[in-house]
Amino acid sequence: MRTFRRERPLRCILAILAVFLLILYLRDLSTEDSAYVVEEDVMRAPMQPERVPPPPPVKIIGQHKFMDDGLLEVNPEGIHPVYELIRRAEDAWKDKLRRASTTFPEAVTEYRRRYKRDPPKGFDDWWRYVQKHNVQLPDEYDQIHADLEPFWGIEPKDLLAIRSELEAKVDSYTIGKTADSQVGVVNTSFTPGKHDQLIVRSVNVIDLLSDVEEYLPPFRAVFSPHDGPNRLSDYFVEDAARQAAAKQTYIRRKDFPKITPKGWKSACAPGSPGRDESINLDGDPPPKTTKKTFIHDHNLAMNPCLHPRHFWLHGQFLSYGKGPTPERDMVPEFSDCSSTIHHNIHIPTPYGWVEDISPRSDDPPWDDKVDERLMWRGSSTGISHNSRTRWHNSHRITLMRVANDLKGTMGILAPWKNAREAVGEPIEVRKARVNPGVMDVAFAGDPIMCEGETCKELQKMFPWRRRQSVQESGDYKYVIDVDGNGWSGRFKRLITSNALVFKATIYPEWYMDRIAPWVHYVPIQLDLSDLHDAVIFFRGDASGAGAHEDLARKIAIAGRTWSKTFWRRQDMVAYFFRLLLEYARLMSEDREGMSYKGDGEFL
Ligand SMILES: *[C@@H]1O[C@H](CO)[C@@H](O)[C@H](O)[C@H]1NC(C)=O
């Protein structure tokens, strides 16, 4: 009896279990059908609007506002802005390709037209290199000009003195070449004990230059071994130098205007939003417009003098509170990256460069990539996370928050509107319905750059996953690239893959004149306010409704082609070669003698 009584409940449980399994089985049989029903349902009510938006005015197709701070302000009566941004960018890019010089005389003429002076001595050797290695867009080196132009307004003797002093400053290494030596490290100045760690970057730099060292004039250039830029500009000092350069004269070092130490704001022009007296870098950020905006000019959109909220949104700025004292002089220091308010000279950094994703099987073609979420994995870099820093707003934290937030709603522009109808007002959708389906953004490994309790806080706040292999990341169609402690060294790898890259940064890089946002990648604002709209335009909502996969595929493929055509080793060498010809002339006491005087008829 005892056993019987014991068995009875067991039988009951087994019977219930059997019925349950049967139900599951039957449900399974009908999965295919019901899945279609669900799909249809979602298609009919895309993105599940929280409140019904007013019907869009379809007759009037309004103009979006292209603002001179690099942003486009959306007019709800215009078409979805991404159509227009892509079309404009493609036209401008084709135009740039069409205009490119094809002969040396053309290149010389174009140089003189742009920069109002002769090319540097050795320009003909440079042109031969460019021709031999099929380097594209041989006129598009405005970044070099932008970096070096203020130094033209400084007496070469003074520049040489500034450079000598710089050689003594920690941390730096100096690369040089004399009339009869090869390119190599000629001096170092590092924090004691840091030599081996900090000299590493020089290895690839010297390796790049070795390809052309026989053509390089003697030079001596100081490099920063760190990730970020370090020479903050004082607006008035830089402006005085630029003005002198424009008048083809010099300003003596002793005659530089006195700096106005206002931290980061020192670099901004009077009257610019970044220098606004009402902005307190220790207080709250200025409010942002409630209008939808997108980037139409990535360089301008990076500039914190035009977008002072950047000071509150990026570790580069947040790490130093109000910001450091600006430089008293213009300091010719080369570095892997620079911001628009620093005057470090950009190098075509070899750091992170890859020829290709290898093996190629780790990077399937677009249509074979299965994951349609936007992917990011990375470490908690960008700022030191501790009780003394304002790390809560730093850029990687912002990415984690924006992509993983489940509370509340956000406004999204309807992606399914075609290129002839008004996009209308944004549709309010629940973040909980968008983020889990659309974003796969997590920190990888364990918290770093943090102390004690803050590490635990980070661990709790956000998802932490294991690191992905290259093969795993190859499964994603959409990836985002954000800055770390400096510029993002992984962009080269990402844009070489068959994925569509979204990129948010404050560091314009050496190739900015030679790439086209919206043609080769998708530019995203630092606050990521346009991220969901851009991603959903390409991949559609959580169910795929409104996707423009053809456009996404096109940009992804154009990005990879660009990488293989415009960012080869030879492209970096060509940039460096030209940069050092310019630099050697700049530092020469006989700049005229270091110029190319011919008419280009050498062939
Ligand atoms: C190297 O830099 C130091 C300062 O750190 C300076 O005193 C020295 O003269 C430099 N060496 C050469 C060879 O110029």
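I worked on a predicted model, taking local features at pLDDT of at least 70 and side-chain atom pairs at pLDDT 80 or more, while totals for chains, interfaces and linings use all residues. I number residues from 1 along each chain as its sequence is written, and side-chain values use heavy atoms, with hydrogens and water left out.

**Entry 1, H3 and H19.** I looked up helix H3 (residues 81-99) against helix H19 (residues 549-566). Helices are DSSP runs of H or I, at least four residues, numbered from the N terminus. The axes come within 13 Å and cross at roughly 25°; axes are lines fitted to C-alpha atoms over the stretch in contact, and angles run from 0 to 180 degrees between N-to-C directions. That makes H3 roughly parallel to H19 (angles under 35 degrees). I noted the crossing as left-handed, the near helix being turned anticlockwise from the far one by less than a right angle. From H3, Ile 86, Glu 90, Trp 93 and Leu 97 meet Leu 551, Lys 554, Ile 555, Trp 562 and Phe 566 of H19, with contact meaning heavy atoms within 4.5 Å. I sorted the H3–H19 contact into seven nonpolar, no polar and two charged residues. Here Ala, Val, Leu, Ile, Met, Phe, Trp, Tyr, Cys and Pro count as nonpolar, Asp, Glu, Lys and Arg as charged, and the others, Gly among them, as polar.

I took helix H6 (residues 142-152) with helix H20 (residues 569-586) and found axes that come within 11 Å and cross at roughly 10°. H6 and H20 are therefore roughly parallel. On the H6 side I listed Gln 143, Ile 144, Leu 148, Phe 151 and Trp 152; they meet H20 residues including Tyr 575, Arg 578, Leu 579 and Glu 582. The H6–H20 contact divides into eight nonpolar, one polar and three charged residues.

I then checked helix H5 (residues 123-132), which packs with H20 at about 175°, the axes 10 Å apart. H5 and H20 are therefore roughly antiparallel (angles over 145 degrees). Phe 123, Asp 125, Trp 126, Tyr 129 and Val 130 of H5 make the contact with H20 residues, among them Gln 570, Phe 577 and Arg 578. I counted eight nonpolar, one polar and two charged residues for H5 with H20.

I listed Glu 167, Ala 168, Asn 187 and Arg 220 around the ligand, each with a heavy atom within 4 Å of it. A ligand oxygen is 2.3 Å from a side-chain N or O atom of Asn 187. For the Arg 220 side chain, I have 3.1 Å between an N or O atom and a ligand oxygen.

Terms used
Helix = DSSP H or I, 4+ residues; strand = E, 2+ residues; numbered from the N terminus. Parallel < 35°, antiparallel > 145°, perpendicular 65-115°, else oblique. Polar contact = N/O pair within 3.5 Å; in protein donor to acceptor, adjacent residues only side chain to side chain.
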